[in-house]
Amino acid sequence: MLYFIYDNTFEGLLTCVFDAFYRREFPQKIVGKDIVVPLFTESFEVITDEVKSERVLAALRKKISPSALRMLFVDYLSEIEGIEIVIFHYIQKAVTAKQSIELNFADADVLELSKVYKKVAREEERVRQFVRFQKTADDIYFAVIEPIHNVLLLTADFFKNRYADQQWIVYDTRRKYGLFYNLNTVETVCFDNLDISPSGNINPEKLAESELAFRDLWKDYLKAITIRERINLKLQRQFMPVRFWKYLTEKN
Amino acid sequence: MDSKIFDKLKILAEAAKFDVSCASSGTTRDNPGKSIGSTSGWGICHSFTEDGRCVSLLKIMLTNCCIYDCAYCANRKSNDIRRTTFSVSELVELTIEFYRRNYIEGLFLSSGIVRNADYTMERMVRVAKDLRTVHNYNGYIHLKSIPGTSRELIVEAGLYADRLSCNIEMPSEESLRLVAPDKNYQSVYTPMQYIQQGFLQGKEDRKKYRHAPRFAPAGQSTQMIIGGSPDNDMKILSLSDALYQRPAMKRVYYSGYIPVNTYDARLPALNAPPLVRENRLYQADWLMRFYHFKVDEIVNDAHPNLELDIDPKLSWALRHPEAFPVNINTADYEMILRVPGIGVKSAKLIVTSRRYGQLTSGHLQKMGVVMKRARFFISCNELAVSTVHETGTEYVRKALTAIPKKKKKKTDDGQLVIDFGVGG
């Protein structure tokens, strides 16, 4: 067994491809630095190199479309265990094949990556759906969310475009970073000690004046709009997974 | 904030809840500068209520006062309920503040009829106009057009709204006349006609002038009540088919009848809303819109009603076994779409991947085809399996409608249980 160890960056993953072809040694698994490699396995630590990753990208651009390339990046963001080696195989096949492989869904790797892509895209959409901003006293709209895939970056343009005239922060509590829009650009921010309740609420003293009233109005609205003759809790959970309820205004 | 707002919101949301439409799709509008809001092509559902319906738009009425007396409506004038009205500024503020918190995707405004149709419509248009011009709001707006509104107001509404709708309410004119003596098809079709003309005119103008204003870019929709009248499914689906032939008509919604005025004998007394029938009608609607089915293939004189225990696609397949088995490696896309268990997504995957090589049932399973259904209707150059021809349609029907037995939970409490054959 040969393991490649990389630094969890996308460039690192591309460097793995370069090194494998250069050394003519192909890994069985690619794992992040934080993973302990099992006993009796050979391992090789890949050192991320921008020149090498750029060369892999250039080779890929000749073989696959920009949308397929974007798909690879989105798949990497899924952070699913073992996704690295699938991406590796895909790239391997893509650069060696005579014709583009991207539509051959009978190939296990192509199908797998397109399925993972859908999962991540779905999660991205859920962030757009279930983010709930709370307005703070200093006019920043603040929201916390805990997506299973690392999709925050993918939503940046959407929120920037939609809420162009208000300052906002979307914070990922699982990965401990967030996006901050300062009316001009979106930046990533990290807070060392975030002062929020377990359900994601900011200390009421720091909230804008009418914030709590709007929260109550929203809850009242949802109650009033429900048709009691048609209650279907299972359907509700299907569309709005319980893992998001923790931070939803209407559910706490 | 005024505490009256809370009451008004509750009453007027409650009054609007039977409107089914909540779509926020069909338009893309980027935020041009530094203002609020954008509309994305697919629409986003921000929450789901306990009845499992999505909340995308702030669905609300401007007022629940009404001069009409429709039997199916909770807001009819003969009902003794609390009446209230939003002022334009209250509603605009509520929309903007909800929007800024990512609670909603936009506004869906409807209204009871006060004085006359034009008076009501004018005030609804004012809300939309305020949002767009005063607050530079680019989110979604869906306006209901009141039956009998004049052309000028519809034209103005179309400039601010993304979608306009006019509910047809009942699947036939007789039924509508019976339950809503103040309405007739004429009063519904006229605004529909205006919307359609405006929509086409707007498209035409934009071909000539790139910056011509868009007219209700997401088109129009309508809604009818199911199970509140004796009309059969053929009547309903033919009507929707005819409506879909109109260029601006994007969606027809079906709403299972819920008795709100139980004292009114003109409407049937139902124990529960006809949810299964509603579901089957939506499935049939999807077949017409996305699966290239014609309405007379789904329902016709021999089969005027949809079967409740199987979906309309399977129903068609069982009535037409001669069309199967479909060879997934050679058949047309349209034919693959007709296989029960294969949806639009898997059908597209199949036709793109088969260029690279033969597909087997193993591939299909991985692509997401429901083999439990599809296996009776396909062949894929493999060893012969029993298709619908070998088993007969009755067997397939039984196999697919059988309710799977629930596995009994194994209980092991460390005690030997001896069955003495005593009942219990």
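Into which domains is chain A divided? Chain A consists of domain 1 (2-123) and domain 2 (132-251), with bounds that come from an automatic or database domain assignment. The model is predicted: local features need pLDDT of at least 70, side-chain atom pairs count only at pLDDT 80 or more, and totals for chains, interfaces and linings use all residues. Residues are numbered from 1 along each chain as its sequence is written, while chains are lettered from A and ligands numbered from 1 in the order in which they are written.

Taken over C-alpha atoms, the centres of domain 1 and domain 2 of chain A are 33 Å apart. In chain A, 6 residues of domain 1 are in contact with 5 residues of domain 2; contact requires C-beta atoms, placed from the backbone, to lie within 7 Å. On the domain 1 side, helix α5 (residues 108-130) of chain A gives the most, with 3 residues.

Most residues other than glycine have a negative phi, and most peptide bonds are trans.

Helices (H or I, at least four residues) and strands (E, at least two) are DSSP runs, numbered from the N terminus. N8(A) counts as partly exposed because it has 16 C-beta neighbours inside 10 Å. F40(A) has 6 such neighbours inside 10 Å, so F40(A) counts as exposed. With C-beta atoms placed from the backbone, 20 or more others within 10 Å make a residue buried, 12 or fewer exposed, and a count in between partly exposed.

In chain B, a cis peptide bond with omega of about -5° joins F324(B) and P325(B). P325(B) is in the loop between α10 (312-319) and β9 (326-327) of chain B.

Note on methods:
Contact = placed C-beta atoms within 7 Å.
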